[in-house]
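User: I'd like to learn how to read features off a protein model. Could you walk me through one?

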Amino acid sequence: MGISTHILDTAAGLPAAEVPVSLARWEPGGWLVLAEAMTDGDGRCRQLLPETLQAEKGLYRVRFETAVYYEAQRLAGLYPYVEIVFEVREAGQHFHIPLLLTANGYITYRGS
C-alpha cells in the first residue's frame, strides 16, 4: 500500500512526463517532505511514498511543479505549481492521486 500519482495533459491528450513531484506529510510545525520524484514517460509516479513507510493517518500534500512542464511544452501556464492536500483516515490504504492538467486549469480526484 502506498501513494501514487499520474498526470494527464488533457489538452494534448498525452501523459505529462518529467514533471517534478513531491510528497509531504503535515507534522506539528509544518510540512515534512517524504519524497521527491519525477513523472515517468507515462506521466506516473508509481510509488511516491517510500517503500520503508506506509500511509499513516494524517494530512498529506502532493505538489506538482507544473511550470517545468509548461516551459518544456512552450506554454504559458496559469498555475506554476499545483498542490493537492488530502487526508488519510485509515492507515495502510493505497491512495492514487491523479492530476488532469491544461495550461489554464486542472482537475483531481481519488483514483484506484
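Predicted model: local features only at pLDDT ≥ 70, side-chain atom pairs only at ≥ 80, totals over all residues.

User: Now the strands. How many bridges join S3 to S6, and in which sense do the two strands run?

Analyst: For strands, look at bridge partners and direction. Strand S3 (residues 20-27) and strand S6 (residues 58-64) run antiparallel and are joined by five bridges. Within that pairing, valine 21 stands opposite phenylalanine 64 in S6. Follow phenylalanine 64 onward and its bridge partner in S7 is valine 82. S6 and S7 pair over seven bridges, in the antiparallel sense.

User: And how many residues lie between S3 and S4 in their hairpin?

Analyst: There are two residues between S3 and S4, and glycine 29 in that turn has a positive phi of about 100°. The two strands pair in the antiparallel sense over eight bridges. Glutamate 27 stands opposite glycine 30 in S4.

User: Which way do side chains point in a strand?

Analyst: The general idea is that side chains in a regular strand alternate between the two faces of the sheet. Tryptophan 31 has a relative accessible area of 30%, so it's partly exposed.

User: Which residues make the nonpolar surface patch?

Analyst: Trp26, Trp31, Leu59 and Val85 make it, and the patch covers about 370 Å².

User: On to the rings. How many aromatic pairs are there?

Analyst: To read a pair, check the distance between ring centres, then the angle between planes; over 60 degrees counts as edge-to-face. The count here comes to five aromatic pairs. Take tyrosine 79 and tyrosine 106: their ring centres are 5.2 Å apart and their planes sit at 85°, so that pair is edge-to-face. Tyrosine 79 lies in the loop between helix H1 (66-72) and strand S7 (82-88), while tyrosine 106 lies in strand S9 (residues 105-108), so the pair ties together parts that are 27 residues apart in sequence.

User: How accessible are tyrosine 79 and tyrosine 106?

Analyst: Tyrosine 79 is partly exposed at 28% relative accessibility. Tyrosine 106 is partly exposed too, with a relative accessible area of 35%.

User: Which residues form an aromatic cluster?

Analyst: Tyr60, Phe86 and Phe95 form one. Phenylalanine 95 also has a charge over its ring: the charged end of arginine 110 sits 3.9 Å from the ring centre.

User: What sits over the ring of tyrosine 81?

Analyst: That's the charged end of arginine 63, which lies 3.7 Å from the centre of the ring.

Technical notes:
Residues numbered from 1 in each chain as written. Heavy atoms only, no water. Patch = residues over 30% accessible without salt bridge, like charges linked within 9 Å, V, L, I, M, F, W, Y side chains within 5 Å. Areas by Shrake-Rupley, 256 points an atom, 1.4 Å probe, with all protein chains shown as cover. Salt bridge = Lys/Arg side-chain N within 4 Å of Asp/Glu carboxyl O. Buried < 20%, exposed > 50% of the residue type's maximum accessible area, 1.4 Å probe, protein only. Phe/Tyr/Trp six-rings, centres within 6.5 Å; stacked < 30°, edge-to-face > 60°. Helix = DSSP H or I, 4+ residues; strand = E, 2+ residues; numbered from the N terminus. Lys NZ or Arg CZ within 6 Å of the ring centre and 35° of its normal. Pairing = 2+ DSSP bridges.
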